[in-house]
Amino acid sequence: MGKRITVPFGSQHVALPEPIKFVFQTENEKITSVEVDVGYVHRGIEKACQTKFKYTQVGYVVARVCGLCSISHTLGYVTAVERLMGVEVPKRALYLRLIVSELDRVHSHLLAMGHTAEVAGYENLFMQTFRYRETAMELLELLTGNRVQYDYATIGGVNRDLTPDVAKTLKERLKELKERCLWIKDVFENDFTLKLRWKGVGVVTKEMAKRFNVVGPPARAAGLETDCRAEFNYLPFKELGFKLVVRNGGDIYDRNLVRAYEVINSIEMVENALEGLPEGDVKVAVKGLPDGESFVRVEAPRGELFYYVKGSKKMVLDRVRIRVPTFANIPVMKELFVGMDYADVPATVISFDPCLSCTAR
Amino acid sequence: MKVEEIKVPLRDVRRTVKEFYNENEWHFITVNAVDLGGKVELKWFFTRYGEDEYFRVVVAQASYDEEIPTLTYLIPSAWISEWELADLFGLNVEGAKTGLFLEPDSPRAPLRRG
């Protein structure tokens with residue numbers, strides 16, 4: 001019989017400063033079973049959205065579900081309501097939404113990649129990645145007024161137009177950001193030590209990804225061709241050069257490379273959107289009250305984000321349901337850990353880029 | 001957007017899903033509940049990989065006390081959505097544990113109306 005030890009990971013852990021708890025049962029440092037607890041900070045946002053706030057205010061409430069992917073939450077909600085109420089959003093507003101959504105993906109992916117480098121012991125790469133992420137955040141601030149939690153999209157369009165000066169600055173600084181991100185991609189792709197540390201670790205096979213309905217970069221790293229940007233037409237991704245990034249290793253290395261390549265594609269889409277930005281209004285007036293139900297899938301940086309909205313001609317909605325990507329990936333993480341060395345747990349957890357702020361919305 | 005809605009009695013949900021669900025083709029999104037007062041409307045959302053704006057939705061109603069069949073035999077990842085129903089709506093889902101999303105001192109079944 002081996003040496004059996006119970007190892008708690010969280011609720012606060014140096015590798016992941018968010019409140020999730022895994023309790024690992026280990027035998028000779030191999031994990032034999034896992035229990036998970038995500039309920040430390042349930043904030044009751046769904047309850048608030050269907051009791052305290054008017055449907056016109058809910059977009060601003062759901063933007064606070066998560067700091068990193070607030071635009072995805074707002075987009076999920078406003079798209080659901082716009083479809084329910086038959087609102088035709090101006091094309092310029094759709095382009096502007098795409099620009100913010102993709103810049104948000106850039107900074108979120110760089111954060112995830114930086115954290116994974118940190119738990120691999122690459123402090124310098126972590127700092128360099130975060131340094132470059134600052135450029136994306138500065139551009140977002142320039143465009144929306146905020147570094148995070150930008151209340152940019154609203155029902156019927158966007159809250160702020162793009163001025164020619166800001167567009168010029170964005171174009172110039174995107175070139176610099178792209179060069180930096182290409183360098184980061186090369187390090188993550190070719191560094192000898194990182195490959196040794198990450199290749200073959202925390203492998204989600206394509207079969208596992210399908211069996212456990214995995215979403216986002218972990219699914220695409222496992223070879224599963226799924227991305228809401230290709231499967232749901234909420235923004236003009238296809239006309240602005242969206243490329244589906246898929247790899248086959250399913251390990252930490254490939255999860256990071258999916259992110260690295262997506263960052264480059266996102267920057268290219270933003271460049272294309274700025275180049276072909278249509279003229280016209282950025283918002284249309286919305287009248288009436290939502291009646292009926294609507295549901296949408298949007299691609300948040302961590303994967304498929306599902307919004308369900310139901311109204312009955314009242315200012316306050318009957319139901320707002322948010323199914324976030326981290327929530328969808330917890331079952332496969334739980335399964336993945338069994339049989340793994342405990343030493344690989346922090347890097348594996350971080351490579352999924354979990355967001356407990358979203359999960360405990 | 002194409003939505004295919006299949007309304008079934010609660011006891012037939014598992015059989016209905018079993019008839020079409022194939023993990024190579026279908027992606028299970030989640031199960032959602034809407035409180036109707038004394039009972040809930042449940043919707044299991046599915047989509048097909050690679051298909052544009054397509055949903056298949058299995059719909060059933062259940063009283064607060066009725067046992068809701070689990071789909072984890074068919075879809076191993078379904079447990080987390082089902083446990084959420086048990087926590088946030090106080091529903092009796094087959095095999096579900098409570099306490100994953102709410103702490104012991106939280107209000108019970110917060111998403112029930114009234």
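How many bridges join strand E2 (residues 21–27) of chain A to E3(A)?

## Strand pairing in chain A

In this predicted model, E2(A) and E3(A) are joined by seven bridges and run antiparallel. One of the residue pairs concerned is formed by Thr26(A) and Ile31(A), the latter being the bridge partner in E3(A).

The pairing belongs to an open sheet of three strands in chain A, arranged in the order E1-E2-E3 and paired in an antiparallel manner.

Helix H12 (residues 325–337) of chain A lies across E2 and E3 of chain A. Relative to E3(A), H12(A) runs at about 155°.

## Contact between the chains

At the interface, 28 residues of chain A are in contact with 27 residues of chain B. On the side of chain B that touches chain A, the elements giving two or more residues are strand E2 (26–35) and helix H2 (79–88) of chain B. The largest share of that side comes from E2(B), which provides six residues.

Which classes of residue make up this side of chain B? The side of chain B that touches chain A comprises 14 nonpolar, eight polar and five charged residues.

Notes
Residues are numbered from 1 along each chain as its sequence is written. Chains are lettered from A and ligands numbered from 1 in the order in which they are written. This is a predicted model: local features need pLDDT of at least 70, side-chain atom pairs count only at pLDDT 80 or more; totals for chains, interfaces and linings use all residues. Two residues are in contact if their C-beta atoms, placed from the backbone, lie within 7 Å. Helices (H or I, at least four residues) and strands (E, at least two) are DSSP runs, numbered from the N terminus. Ala, Val, Leu, Ile, Met, Phe, Trp, Tyr, Cys and Pro count as nonpolar, Asp, Glu, Lys and Arg as charged, and the others, Gly among them, as polar. Two strands pair if DSSP finds at least two bridges between them. Axes are lines fitted to C-alpha atoms, for helices over the stretch in contact, and angles run from 0 to 180 degrees between N-to-C directions.
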